[in-house]
Amino acid sequence: MKTFVLTSLFAGCAAAQGFNDRPPNGSDQEPAFENQTRAPALPRVAVAHRTVVDGLEHPWGMAQLPDGSWLVTERPGRLRLVAPDGTLSAPITGLPKVDAEDQGGLLDVIVGDDFADTRRLWVSFAERDPDNLTHVSVATGVLSKDATRVEDARVIWRQTPYPSTLHYGSRLVLDDKGGLFVTTGERGGNEFRHAAQDLQTTLGKVVRIDPLTGAPMGKPGVAGALPEIWSWGHRNMQGAALAPDGSLWTTEHGPMGGDELNKPQAGRNYGWPDVSYGTEYSGEQITEGLTQKEGTEQPVYYWDPSIAPSGLVFYEGEMFPDWNGDLLLGGLQSSSIVRLKLSGDRVVGEARYLQNVGRVRDVDVAQDGAIMLLTDEDGGALIRMTPR
């Protein structure tokens with residue numbers, strides 16, 4: 001069902017500007033450098049939003065097509081097309097079988113800049129193997145001209161399988177050098193988290209593969225590492241974006257606090273679970289409360305309390321000209337759009353918009369510069385945000 005009700009919120013709103021007021025969970029932790037957390041609140045900006053289409057079942061990822069329509073995934077396993085006028089298609093057929101249990105299901109979807117010629121798309125999803133283990137898989141195929149089916153879909157890469165239905169991660173990013181980045185989670189729980197440090201698994205890693213064959217394109221020369229591994233020591237990355245300069249940036253969920261923004265470098269260790277700015281859900285410390293350790297990288301930014309970041313994009317558009325080059329991300333816990341102002345590789349300001357709009361699972365920028373978001377609910381929605 002589509003709706004076109006316009007709602008305005010001032011500065012996203014006054015309550016959202018108090019996001020630094022809550023005390024951190026890790027009250028005795030100190031950031032490693034200025035503005036690594038709780039950067040100054042940015043000046044208020046008035047925004048408006050309208051629902052393009054609602055009634056989606058836990059939408060997770062989206063990609064805009066050249067004609068202005070949007071591909072949207074629903075976690076139970078459906079891929080839909082939302083027309084520019086908000087018309088919602090029937091489920092698109094032809095995808096591989098999806099394991100939709102707990103946090104698993106049909107996850108991200110992307111298309112390349114050459115979609116108008118190739119009509120090629122990529123999806124990530126949870127898959128169950130014959131041994132009853134689960135993993136993130138990546139498939140590619142071609143969207144039929146009538147957009148009703150995916151033709152010649154084939155799985156090109158599978159994560160190391162594990163007996164868990166949590167922490168899949170699973171954002172997809174095509175880089176500008178012919179590779180495909182895939183973010184993965186370490187599959188959750190105390191018994192699995194140390195796999196993020198195991199270079200013979202793809203749990204808790206950024207991997208880089210050939211987008212057509214799945215062949216490894218990771219960092220060569222890291223002793224003992226699988227050849228597709230780009231970086232490791234990650235918890236549950238649900239945001240990834242390519243910066244204007246071609247570098248990869250990611251966000252990941254911490255435990256209780258300690259959500260991170262990173263700029264993963266090839267061959268680097270990002271610390272989880274040996275170091276973290278978060279705490280256990282019980283309130284106890286993780287690995288003796290270490291936040292820094294030789295051989296591991298510091299996050300560019302972290303949040304405590306958690307915002308549960310999901311979806312990430314660099315803003316480039318005409319509607320918010322002062323935002324060009326800023327990072328936008330969704331907040332599941334914060335129920336908002338989060339904006340980060342950067343100076344080089346450092347965060348210098350933060351703002352939040354559409355507070356209480358719902359669990360924002362993904363965020364993107366439309367061709368006209370509007371900001372699009374998906375709310376991950378039983379009755380989720382594709383929402384368009386513009387200046388007020």
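Biologist: How many helices and strands does the secondary structure of the protein chain come to?

Modeller: This is a predicted model. Its protein chain contains strands as well as helix, and the count comes to one helix and 25 strands.

Biologist: What is the radius of gyration of the protein chain, and why does it count as compact as a globular protein of that length?

Modeller: For 388 residues the globule rule gives 21 Å. The value for the protein chain is close to that, so the chain is as compact as a globular protein of that length. Along the principal axes, the C-alpha atoms fill a box of roughly 55 × 50 × 35 Å. The radius of gyration itself is 20 Å.

Biologist: What percentage of the residues of the protein chain count as buried?

Modeller: A residue is buried when its relative accessible area is under 20%. Among the 388 residues of the protein chain, the share that counts as buried is 60%.

Biologist: Which accessible surface does the protein chain have, and what part belongs to carbon and sulfur atoms?

Modeller: The accessible surface comes to about 15100 Å². Of this, the part belonging to carbon and sulfur atoms is 48%.

Biologist: How many Å apart are the centres of the positive and negative side chains?

Modeller: The protein chain carries 35 positive and 52 negative side chains. The centres of these two sets lie apart by 3 Å.

Biologist: Where does pLDDT stay under 50?

Modeller: The protein chain averages a pLDDT of 94, and 96% of the residues score at least 70. Where pLDDT is low, the predicted coordinates should not be read in detail. One stretch, with 46 contacts beyond four places in sequence in the model, has pLDDT under 50: residues 1–15.

Biologist: Is Trp60 buried or exposed?

Modeller: Trp60 sits in strand E3, which covers residues 59–64. The cut-off for buried is under 20% relative accessible area. Trp60 has 2% relative accessibility, so Trp60 is buried.

Biologist: In which strand does Gly349 lie?

Modeller: Gly349 is buried, with a relative accessible area of 0%. The strand that holds Gly349 spans residues 346–353 and is E22.

Biologist: What separates the C-alpha atoms of Gly349 and Ala39?

Modeller: Leaving out residues up to four places away in sequence, Gly349 touches Ala39, Pro40, Leu42, Arg339, Leu340 and Lys341. Ala39 is 310 residues from Gly349 along the chain. The separation of their C-alpha atoms is 5.0 Å.

Technical notes
Residues numbered from 1 in each chain as written. Predicted model: local features only at pLDDT ≥ 70, side-chain atom pairs only at ≥ 80, totals over all residues. Heavy atoms only, no water. Helix = DSSP H or I, 4+ residues; strand = E, 2+ residues; numbered from the N terminus. Rg over C-alpha atoms; globule rule 2.2 N^0.38 Å. Buried < 20%, exposed > 50% of the residue type's maximum accessible area, 1.4 Å probe, protein only. Areas by Shrake-Rupley, 256 points an atom, 1.4 Å probe, with all protein chains shown as cover. Lys, Arg positive; Asp, Glu negative; His and termini not counted. Charge placed at Lys NZ, Arg CZ, Asp CG, Glu CD. pLDDT = per-residue confidence, 0-100. Contact = heavy atoms within 4.5 Å.
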